[in-house]
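User: Hi! I have a model open here and would like to talk it through with you. Shall we look at it together?

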Amino acid sequence: MGVKLYYTTVTASRAVKSQQAEVMRILESKSIQYELIDISVGGEVRDEMRSKAGDPTAVPPQFFNEDQYCGNYEMFSEAVEADTVEQFLKLA
């Protein structure tokens, strides 16, 4: 599967929770298949996400196509507004 969504099941941040829920709803509404990777299962998964994103402070949700970094929630949101989600996710 190409699209990978790094997310967390454990967060005190309402913003992160609502962003993740919105992202999943949009991907499902567009019938885009994706794989969920939960960073709360261990620090090494979070560190892997941050390393791949090139940002030591990156927080979920983060988007990848295989191992190619696509962007974060703000970038995804801009792609939704511009109707370029497939290009953002490197599917087009």
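User: Is Asp47 buried, partly exposed or exposed?

Analyst: Asp47 counts as partly exposed, at 43% relative accessibility. Buried here means under 20% relative accessible area, exposed means over 50%, and partly exposed lies in between, with a 1.4 Å probe and protein chains only. Before we go on, this is a predicted model: local features need pLDDT of at least 70, side-chain atom pairs count only at pLDDT 80 or more, and totals for chains, interfaces and linings use all residues. Residues are numbered from 1 along each chain as its sequence is written, and side-chain values use heavy atoms, with hydrogens and water left out.

User: Thanks! Which side chain does Asp47 meet in a salt bridge?

Analyst: That would be Arg46, at 3.5 Å from N to O. A salt bridge is a side-chain nitrogen of Lys or Arg within 4 Å of a carboxyl oxygen of Asp or Glu. Arg46 is partly exposed too, with a relative accessible area of 32%.

User: How many salt bridges does that rule give?

Analyst: The count comes to four. One of them joins the side chains of Lys30 and Asp83, at 3.7 Å from N to O. This pair links distant parts of the chain, 53 residues apart: Lys30 sits in the loop between α1 (14-29) and β2, and Asp83 in the loop between α3 and α4. Helices (H or I, at least four residues) and strands (E, at least two) are DSSP runs, numbered from the N terminus.

User: And how exposed are Lys30 and Asp83?

Analyst: Lys30 is partly exposed, with a relative accessible area of 29%, whereas Asp83 is exposed, at 53%.

User: What about Glu48, which residue does it bridge to?

Analyst: Glu48 forms a salt bridge with Lys52, and their closest N and O atoms are 3.6 Å apart. Both residues lie in helix α2, four residues apart, or about one turn of the helix. Salt bridges that share partners join Glu48, Lys52 and Asp67 into one network. Glu48 is partly exposed at a relative accessible area of 35%, and Lys52 is partly exposed at 27%.

User: Let's switch to the sheet. What is the strand order?

Analyst: The order is β2-β1-β3-β4, in an open sheet of four strands with mixed pairing. At the edges are β2 (35-38) and β4 (68-72), each of which pairs on one side only. On average, neighbouring strands are turned by 25 degrees against each other, direction ignored. Two strands pair if DSSP finds at least two bridges between them.

User: In which sense do β1 and β2 pair?

Analyst: Strand β1 (residues 3-7) pairs with β2 in the parallel sense, over four bridges. Lys4, for instance, has Glu35 in β2 as its bridge partner.

User: Which strands does helix α2 lie across?

Analyst: Helix α2 (residues 43-53) lies across β1, β2, β3 (62-65) and β4, and runs at about 70 degrees to β3. Helix α3 (residues 73-81) lies across β3 and β4, at about 80 degrees to β4. Axes are lines fitted to C-alpha atoms, for helices over the stretch in contact, and angles run from 0 to 180 degrees between N-to-C directions. Contact means heavy atoms within 4.5 Å.

User: Last one: where is Lys90, and what does it touch?

Analyst: Lys90 is in the segment after α4 (85-88). Not counting residues up to four places away in sequence, Lys90 touches Asn65, Gln68, Tyr69 and Cys70.
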